[in-house]
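Reader: I am new to this structure and would like to learn how to read its features one at a time. Could you take me through them, giving the general idea before each case?

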Amino acid sequence: MSLELSQIATLSILYLSLLFCAAWLTDKGWIPRSITRHPLVYVLSLGVYTSAWAFYGAVGIAHEYGFVFLAYYLGICGAFLLAPVLLSPLLRITREYQLSSLADLFAFRFRSSMAGTLTTVIMLFALLPLVAMQIQAVADSIHILSNEGSQEELAFSFCVIIILFTMAFGTRRISSHEKHHGLVVSIAIESAVKLIAMLVVGGMILFQVFDGPKDLQNWLITNQAPLETLRLSLDDGPWRTMLLIFFAAAIVMPDMFHMAFTENQKPRNLGTASWAFPLYLLLMSLPIPLLLWGGVKLQTATSPEYFVLGIGLDIGAPWLSLLTYLGAMSAASGLIIVTTLALSAMVVNHLILPVFQPDTNINIYRWLSWTKRILIAAMIFASYGFYRMLSSDHSLAPLVIVAFVACLQFLPGVLSTIYWPHANRYGFCAGLIAGSSIWFVTMFLPLVLGTEVLAFFTDSIFFLQADWHWSALISLTANIAALLAVSLATELSSEEKHAAEVCSIQSLGRPSRQSLKAQSPREFQEHLTGPLGAYTAQREVSQALYDLGMSLDENRPYALRRLRDRIEANLSGLMGPSVARDIINRYLPYEDESSGVADINFVENQIEDYQHRLTGLALELDNLRRYHRQTLQHLPMAICSLGEDGEVMMWNQAMEEVTGIPGSTTVGSYLGSLQAPWNTMLSHFEDNKVRSREKQQIKIDGQQRWFNLHKASIEGDGTVIMLEDQTEPQMLEQKLIHSERLASIGQLAAGVAHEIGNPVTGVDCLAQELRDYSQSQDAREIADQILEQTKRIGKILHSLVSFAHTGQASEQMTVESVSLYRCTDEAIALLSLHQDTRGIRYINNCHMDYLVSGDIQKLTQVLINLLSNARDASPNNAVVTVNTIPWEHSITLEVTDQGSGISEENQKRLFEPFFTTKGAGKGTGLGLALVYSIIEEHFGTISVRSPVNEGDQGGTCISISLPRHMAELKSSTRRETEGNLVG
Ligand code: ADP
Ligand code: MG
């Protein structure tokens, strides 16, 4: 009984298209992420491992070696049960450095493109038999089912179809980042179908071929002979070697590597896989003995490997055969697709790109994807050629074993990557060459040439090939021995040492702090345009910035170093670590390769990420570190620490408050690039020899501030600087000095006024008398002049007295609500009485409703003084304006003129009594001193701005802030709330 070839072909293509559709829908985002990213999907996608072997080869092995067939499952289960110490570290490295294949991993770890190239070449040879086996399995099964067509033709057609699908599946999207979610989903579906097919076949055999478990038991008891092999002692034969090669498969087979690491979306999924994948394999392996027994009982005509197809036909259930065929066919396709995809990336990264780089004008992503397509086609055809070279009645098992033993040669390299930092590139290459040469001669060649050709040697050198597991063990031993010996005999380069530390399971990367030639992400782009072309350079830099959450304006050296690492990792995902490293080292070099101290920030960030993995003493130390760090961070004193080169290493909270510069944007930048004036103040102090500096004066937002600076050097690691804000004590001190001076001058003035007042009154009376009664015209004129002078003295005495009064008599002040508008109005009216021909105009822009608490007389005096100063300084026909600005608790009054302005020098002395620039007899220098004491009495503040606007030539604005009157305060808040309610 057989099926139509056309039926089988249509069904196959339909089924593959279905898988492709699932992939396509996933890539389009039409299948919810919760499904596509589910851990179960990841676990099932690992099922790519089982390939067509699970259906065919395993039964063959069971027939030949008995329970040894379990090694295929147990080996890889072992690897997954050891996931935390074996797979997780590898996953960490591959994710962090975007390493997409074993060749990438080795090229990265050994800092050698040779390692990558060698791995790729060996991999290409190793996988020929494996892919050929899948082709053969599919061709054979179609032949068995349909009895039509020659196997070669069937195999060829299958190859063509699978090439089309692989191209469509894997190479559609290429970037340094994207994963093939669609591929993962369709492989997962395929694995689920495989499992169902396997379980259905098992069930059918148990209940159709046998009559349930009881019947099976009876049959087993009565038919011991054909089952002899199952009872072979496990000590015999290749059991242990099998376990070993299948154990290694989890990490060294490119399909497994690709699925487990490259396509891993969440590291956590590996945890699920560590138990779920072994479970999957257990279920897959359960029906194998049943298949064997069923085949034996039915005396199925096919070879044991194809029992699974034959049984279906024998019991008259062709759908069963078809189901298993579909399972096996899709398993074979899955393996071919994933393997060739992974290999194509390896070939591009390690064979093509190192010697040929595409023109930078073309779209590099498209170029890569087309190159990979061509490579995939070439590899599948090569495998087809290999299949044709072999005699077609070859059983499947040797093909698989030859491939796996070759891949086993990578195991020492992988293990030393995570566990032996002393391994170096020479050791690795030597081991690989030694092991794979033995494999090539004792396993590959005999497979290709056939044992007869080599029979001539068989008795002598190549006795090994008769027992393949000896061949495997000897090649592995040679490999390990060469790796150890050569690594110990040769030196590790510093670059390699660094990579070894990064990969090693217990260590964090300890990058050094060097500065880059490129100073900004934009310069990165420019530099990379050379090797990558403008488009790719721009895209990669933005991608890396996005990954790190940085902006294009970033210019902190620390951040730029991270950016450089990120770009290297991303490029490594795109074109392999060797090429990426070459490009980065050449086009984004460091200033000076030799210098560089440990990058503490980076180490610290890494420890932060690493914390949950710390235990024991390390955890205690980390807690201690945290405690000290927190202490420094929350210290109520502003401190920052600097590296030797002036890079900011720490910026504590108090520092953030004092400077208003957040630590997150400061740490990792140079002192010089801080905001002014901090940059100059701190870097001057840092460069200077003195250990502390008192009352350093700087201006921030137009306000004077004073700081004490102290520093100490951290041995060999830079300096720590402490900043003390002295502004408040300094202001208080100045105020105190000023008030004291005012008070003493007030006393003096009062005394002087009193003492001089009487004689001057006397002089005045005498002069009047002289004027009224003198006969001489001259004498009368002199008397007039004396009178004028005494009037002046009187005026001065008057202002001295009023100054003396305000200086002391605060208890006399009556506090009431004062309208600044009214004060201003009155002051302007008084000034206008003055005979003035200069045409100065006063404009009162004060708000009528703004009330302050104070003494109306004194505040009017203040305004008179300010306005008269403004008038004196103004040119003819100028305007003097007065306006008010409301605040929550105070009102600011500003008197602005367009006059000469006040030099910075004079601004400092403005409020000193007797300071005047006006000529003798014009000014007393007491006006502003009086204003100052009145304002102080009112608990207000006064400040001067000259010139009024930056860039102006002159003009002065004197602003006074006075407390708002309470009643006004209440009503204004009421007004506001009402306004809010209405609004
Ligand atoms: P006086 O007016 O008697 O000189 P003041 O204490 O009122 O004394 O002023 C002191 C000095 O401050 C003045 O001599 C003048 O140089 C300067 N000054 C005050 N106000 C202004 C102003 N609006 N524009 C320019 N200079 C001013
Ligand atoms: Mg004056």
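Author: Let us start with charges and rings: a charge sits over a ring if NZ of Lys or CZ of Arg is within 6 Å of the ring centre and within 35 degrees of the ring normal. Here Arg 539 lies over the face of Tyr 365, at 3.8 Å from the ring centre, and the charged end of Arg 373 sits over the ring of Trp 370, 4.5 Å from the centre of that ring. This is a predicted model, in which local features need pLDDT of at least 70 and side-chain atom pairs count only at pLDDT 80 or more, while totals for chains, interfaces and linings use all residues. Residues are numbered from 1 along each chain as its sequence is written, chains are lettered from A and ligands numbered from 1 in the order in which they are written, and side-chain values use heavy atoms, with hydrogens and water left out.

Reader: Which domains does the domain assignment give for the protein chain?

Author: Domain bounds come from an automatic or database domain assignment. For this chain the assignment gives domain 1 (5-393 + 400-409), domain 2 (410-507), domain 3 (514-606), domain 4 (623-725), domain 5 (727-809) and domain 6 (813-983). The C-alpha centres of domain 1 and domain 5 lie 110 Å apart.

Reader: How many aromatic pairs does the structure hold?

Author: Rings of Phe, Tyr and Trp (for Trp, the six-membered ring) pair if their centres lie within 6.5 Å, and planes under 30 degrees apart count as stacked, over 60 as edge-to-face and the rest as tilted. The structure holds 34 aromatic pairs. In one of them, the rings of Phe 20 and Phe 165 have centres 6.3 Å apart and planes at 70 degrees, so the pair is edge-to-face. Helices (H or I, at least four residues) and strands (E, at least two) are DSSP runs, numbered from the N terminus. Phe 20 lies in helix α1 (residues 5-28) and Phe 165 in helix α9 (residues 151-170), so this pair ties together parts that are 145 residues apart in sequence.

Reader: What should I look for in the backbone?

Author: Most residues other than glycine have a negative phi, and most peptide bonds are trans. A cis peptide bond joins Ala 676 and Pro 677, with omega about 0 degrees, and Pro 677 is placed in the loop between α32 (663-666) and α33 (678-687). A cis bond also joins Ser 946 and Pro 947, with omega about -5 degrees.

Reader: Where does Lys 695 lie, and what is its phi?

Author: Lys 695 is in strand β5 (residues 692-700), and its phi is near 45 degrees, a positive value in a residue other than glycine. Lys 695 is partly exposed, with a relative accessible area of 37%.

Conventions. Buried means under 20% relative accessible area, exposed over 50%, partly exposed in between (1.4 Å probe, protein chains only).
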